[in-house]
Amino acid sequence: MQALSASQDIPMDTMRANVFCGKDDFSIREVPMPKAGPNEAVIKITLTTICGTDLHIVRGEYPVRPGLVIGHEPVGVIVDLGPGVRGHRIGDRVLVGAITPCGQCRGCLSGDLSQCGHGEGYEALGGWRFGNTINGSQAEYLLVPDANANLATIPDELTDEQVVLLADIASTGFSGAESGKVRIGDTVVVFAQGPIGLCSSIGAKLMGASLVIGVDGDDSRLAFAKKMGVDVVLDYRSQDVVQEIKRLTGGGADVAIEALGTQETWENCLRSLRPGGTLSSLGVYSGKLNIPYEYFGAGLADYKVVTTLCPGGKERMRRLMEMVRTKRVDLTPLLTHTFALDDIQEAYALFGDRREGVMKVAIRP
């Protein structure tokens with residue numbers, strides 16, 4: 001079946017999309033319209049976002065091929081279904097995770113859906129494909145691979161705005177607390193209170209942490225963290241946050257979550273832990289990452305270090321939507337700005353410069 005224009009019942013050959021051309025070079029271009037093959041679906045994007053990882057890409061800090069459509073937080077309506085896709089119909093509203101596991105490879109069958117090899121082996125970062133190895137969601141339409149494993153129907157009572165952040169930042173942020181194995185009564189510190197860090201803080205509270213401390217150096221983000229329920233916010237510009245964390249926690253946090261991806265925040269996470277604590281790392285790092293032995297307890301402090309790539313797949317998206325539907329969490333305040341697809345250059349500039357108290361930018365094709 002060929003996808004149809006929203007405004008006219010004639011087949012389209014091209015669509016508009018945000019194409020990465022090279023470092024600091026991206027623009028809206030006409031690209032071929034995707035068509036669904038076996039086990040694939042095409043969705044008409046109704047809402048997507050700009051992610052911090054997209055900034056890493058356009059700044060040349062994370063390599064992708066020129067000509068790739070960027071973006072990985074898709075919400076849309078099914079317009080084309082290939083052979084073999086079950087349980088969905090044309091016109092269904094769906095949420096698709098940033099990570100698209102196949103459900104059949106060694107990684108998926110071992111429970112490591114984020115590291116899906118898509119039938120080609122057990123490859124690092126294999127599960128993240130949109131805007132990384134295949135065309136992404138900052139476009140009018142999106143081809144979804146392994147649709148049976150990745151299309152999650154949106155409950156009628158939920159809006160696009162309520163679910164779009166579940167595709168990546170909520171799933172990633174919550175996973176920081178999950179991988180850190182936060183327990184009831186734990187003390188948790190989260191370094192960086194951007195969108196991912198805020199979701200980590202919220203996730204820690206959902207899992208039963210008795211004290212969640214958020215660290216940042218941006219006035220608007222510190223205020224936003226308080227607004228979203230973070231218990232204590234610390235400004236690293238005006239105080240020794242490690243010393244204050246140890247005072248507040250009686251010697252160190254049970255779990256420290258790194259949500260920025262810098263050497264400084266990595267080290268401060270280690271310094272903030274109690275002996276036997278866990279460092280849960282979510283940041284995307286560039287360059288060389290060092291582990292100072294004095295902060296690592298010379299290897300004798302029983303620290304645990306875990307890393308996590310955003311959990312994805314149909315069931316993960318369903319569970320996250322249930323948290324929203326049952327009013328356990330509301331992330332809509334994080335959508336501070338909305339732009340049309342044609343204005344994406346302006347949107348990236350605002351998001352990258354952190355102007356006007358921006359948290360997340362929504363893109364409406």
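1. Basis of the note. The structure is a predicted model, in which local features need pLDDT of at least 70 and side-chain atom pairs count only at pLDDT 80 or more, whereas totals for chains, interfaces and linings use all residues. Side-chain values use heavy atoms, with hydrogens and water left out, and residues are numbered from 1 along each chain as its sequence is written.

2. Domain division. The protein chain is divided into domain 1 (14-168 + 310-363) and domain 2 (170-307), with bounds that come from an automatic or database domain assignment. The centres of the two domains, taken over C-alpha atoms, are separated by 27 Å.

3. Domain interface. In domain 1, 24 residues are in contact with 22 residues of domain 2, where contact means heavy atoms within 4.5 Å. Domain 1 and domain 2 bury about 1800 Å² between them, and 65% of it lies on carbon and sulfur atoms; buried area is the accessible area (1.4 Å probe) that two parts lose on being put together, summed over both. Leu334, Arg354 and Met359 supply 31% of the area that domain 1 buries against domain 2, more than any other three residues.

4. Helices H5 and H10. The axes of H5 (residues 169-179) and H10 (residues 314-325) come within 12 Å and cross at roughly 90°, which makes H5 roughly perpendicular to H10 (65 to 115 degrees). Helices are DSSP runs (H or I, at least four residues) numbered from the N terminus, and axes are lines fitted to C-alpha atoms over the stretch in contact, with angles running from 0 to 180 degrees between N-to-C directions.

5. Residues where the helices meet. Ser171, Phe174, Ser175 and Glu178 in H5 meet Arg316, Met317 and Leu320 in H10. The residues of this contact divide into 3 nonpolar, 2 polar and 2 charged, with Met, Phe and Leu among the nonpolar types and Glu and Arg among the charged ones.

6. Salt bridges. With a salt bridge taken as a side-chain nitrogen of Lys or Arg within 4 Å of a carboxyl oxygen of Asp or Glu, the count comes to 17, and 1 is found across the interface of domain 1 and domain 2. Arg316 forms a salt bridge with Glu178, the closest N and O atoms being 2.9 Å apart. Arg319 and Glu315 also meet in a salt bridge (2.9 Å, N to O); because they are 4 residues apart in helix H10, about one helical turn separates Arg319 and Glu315.

Definitions and conventions
Helices (H or I, at least four residues) and strands (E, at least two) are DSSP runs, numbered from the N terminus. Angles under 35 degrees count as roughly parallel, over 145 as roughly antiparallel, 65 to 115 as roughly perpendicular and the rest as oblique.
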